Amino acid sequence: MALISPAWAAPRPNIILLMADDLGRGDLQCFNPSSPIQTPALDEMAGAGMRFDRFYASSPVCSPTRGSCLTGRHPFRYGVYYANTGHLRPEEITLAELLQSEGYKTGHFGKWHLGTMTTEVSDANRGAPGNTRDYSPPWKHGFQVCFSTESKTPTWDPMLKPVRSGGRGSAQGWEPIEQRALATEFGTRYWNERGQVVHDNLEGDDSRVIMDRVVPFVRQAARSQTPFLSVIWFHTPHLPVVAGPQHAAIYEEHSSFKKRYYGCVTAMDEQIGRLRSELASLGITENTMIWFCSDNGPEGNENSPGSAAHFRGRKRDLYEGGVRVPGILEWPARVAPGSVTGFPAVTSDYLVTILDVLGLNLPDDRPVDGVSLLPVLTGRPATRQKPIGFQSRRQLAWTTERYKLLSRDLGETWELYDLLSDPAESRNLATEFPEKIEAMSEALAVWISSCKASDEGGDWSK
C-alpha cells in the first residue's frame, strides 16, 4: 500500500485509541445535547479537537470492529465475522507490530475480544484447557504491555457476578455487590503480557481499574521520551452495567437500570478526564493523538438506556443506529479546536491514517479498506473515494459519500437511502433508482469477493 504524504516533519505523535463498548451515538451530549448523561471530559475533548458527525464502526457488533482498528481491514478479511467467532490470525499485520518496529512502546488495556488468553484454564467465553484454535492474545500481536480480558466484565467489581435488581427484559438492571465475601466469580480474568493472571487492584469501577494500569505506562514512556501506542478498550457500558454508589447517585431520579448505565458512562468519562490531565502534567498533550469511538451502536431496544439518537436501528443492525457511532479526535499539534466534519470515516481508517502521519507503508500490498484521514484532520477539502463496505451475518451494506445500499437477506432484496437528506433512513429509494442499485450492488459484489479471497489466505500465499 503506497501512501502519498511525505514523512511527518514534527516529532512522532503519541497515539491513544479509546473505545467504549456498546455506547450509543446519542449518549454523549456533544453529539446529542438532550442526553441525560454527564460526560464533561468527552465533551471538552470534542470541543478541543475534531468531532466526526459520520463516524462508523466497521461492524454492528464488538469483536469484528476491534480488529479493524488494528489492521485497517474489514473483519471478513481476517476471519472475525461476529462476536466470539474466529480470532485475529498471526498472518495479519497490526498497528502495534508496525509501530513497535518504529520504536514505539505499545500497550493494550481492557477488552480484547479477538481471541482467547489461555489454553490451560476455563476463562470468559472461549478460553478452555486445550483450546489452542482460538488462542490469540494481544501479546502475540505486537503489544508489549497488557492488562487485558478476553471479553466482557461487569463495569463495577469486574471479577464478580453482580446482583440483579429485579424487573424483566429491558427494565432489568444490576446492583453493586454489598458483601464481596459472599459473591461468586464472574468467570473472566485480567491477564498481563506474560500470560499471567492479575490479582491485585480489581475492585470498584472497572474503568478506573483499567486506567490505573494505563497511567504508569504513559508516564514511563513519556519520561523515557519514547513515543507510545496505548489501546484502551473500556468494557463500559456493555451489560452487565453497574455503577458504584458515587456515580449512581448522580442519576438517583432514574430507574435502577438507567442510573447504573448513566453512572458507569460518567465513571468512564471521569477516567478519560484523568488521562487527559496526566498528558497535560507530563507536557505531552500537544503532540498526542487521542481517538475515541464506540465499537457499535447501543444494546437493547428503544426502552433501553443507550441511545442511538434519531438514527434507525441499534447494535446488530447495519442501519445507521447500529454502526454510526460517536467519533472524536483530539490532537492539538494539527487539529484545530472546535473542528467538525461530515466526512464518512470508519474504524478501518485508523491504521492507514496513522501510517500516513508517520510516512510509513505496509510491508506488502495486501488490500486495506481504510483511507487516510490526514487531509480531513488538517482542514483540506476531501471526498471519500473508497466506499465503506459492511458484512454482518445476512446483512450487507455499501456506503458512499451520499448513498447507502443495504440488504438484510444477502442481496435478495435491496434498500437505498440518501444519507445526506435522510440520515434517519426513513425513505427507501430502491424503486426510484434501479440503475443506482445495479451499479452499487455490482461494486459491493466485487468487494465481497476481495474480502473472501483475503479470508481464504490469498493475501499471504502469493
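Author: Let's start with a term: a nonpolar core is a set of buried Ala, Val, Leu, Ile, Met, Phe, Trp, Tyr and Cys residues joined through side-chain atoms within 4.5 Å. Buried means under 20% relative accessible area, exposed over 50%, and partly exposed in between (1.4 Å probe, protein chains only). One caution: this is a predicted model, where local features need pLDDT of at least 70 and side-chain atom pairs count only at pLDDT 80 or more, while totals for chains, interfaces and linings use all residues. Residues are numbered from 1 along each chain as its sequence is written, and side-chain values use heavy atoms, with hydrogens and water left out.

Reader: Okay, which residues touch the most other members in the largest nonpolar core?

Author: Leu17, Phe52, Leu229, Trp291 and Leu377, out of 52 residues in that core. Helix α9 (residues 349-358) gives the most to this core, 7 residues. Helices here are DSSP runs of H or I with at least four residues, strands are runs of E with at least two, and both are numbered from the N terminus. There is also a second, separate core of 49 residues, with Leu23, Met45, Leu202 and Ala222 among them.

Reader: What is Leu17 in contact with, leaving aside its neighbours within four places in sequence?

Author: Contact means heavy atoms within 4.5 Å. On that basis the partners of Leu17 include Leu95, Leu229, Trp291, Tyr350 and Ile354.

Reader: How do I read an aromatic pair?

Author: A pair of aromatic rings is described by the distance of the centres and the angle of the planes. The cut-offs: rings of Phe, Tyr and Trp (its six-membered ring) pair if their centres lie within 6.5 Å, and planes under 30 degrees apart count as stacked, over 60 as edge-to-face and the rest as tilted. Searching the whole structure turns up 17 aromatic pairs. Take Phe52 and Phe55: ring centres 5.6 Å apart, planes at 70 degrees, so that pair is edge-to-face. Both Phe52 and Phe55 are buried, and together with Trp291 and Tyr350 they form one aromatic cluster.

Reader: And why does the pair of Tyr319 and Tyr417 count as edge-to-face?

Author: Because their planes are at 70 degrees, with the ring centres 6.4 Å apart. Tyr319 sits in the loop between β9 (288-294) and α8 (320-323) and Tyr417 in strand β16, so the pair ties together parts that are 98 residues apart in sequence.

Reader: Now the sheet: in what order do the 4 strands come?

Author: Strands of a sheet pair through backbone hydrogen bonds, either parallel or antiparallel. In this count, two strands pair if DSSP finds at least two bridges between them. Here the order is β13-β14-β15-β16, in an open sheet with antiparallel pairing. β13 (388-392) and β16 (415-418) are the edge strands, each pairing on one side only. Within the sheet, 4 bridges join β14 (residues 395-399) to β15 (residues 403-407), and Ala397 stands opposite Leu406 in β15.
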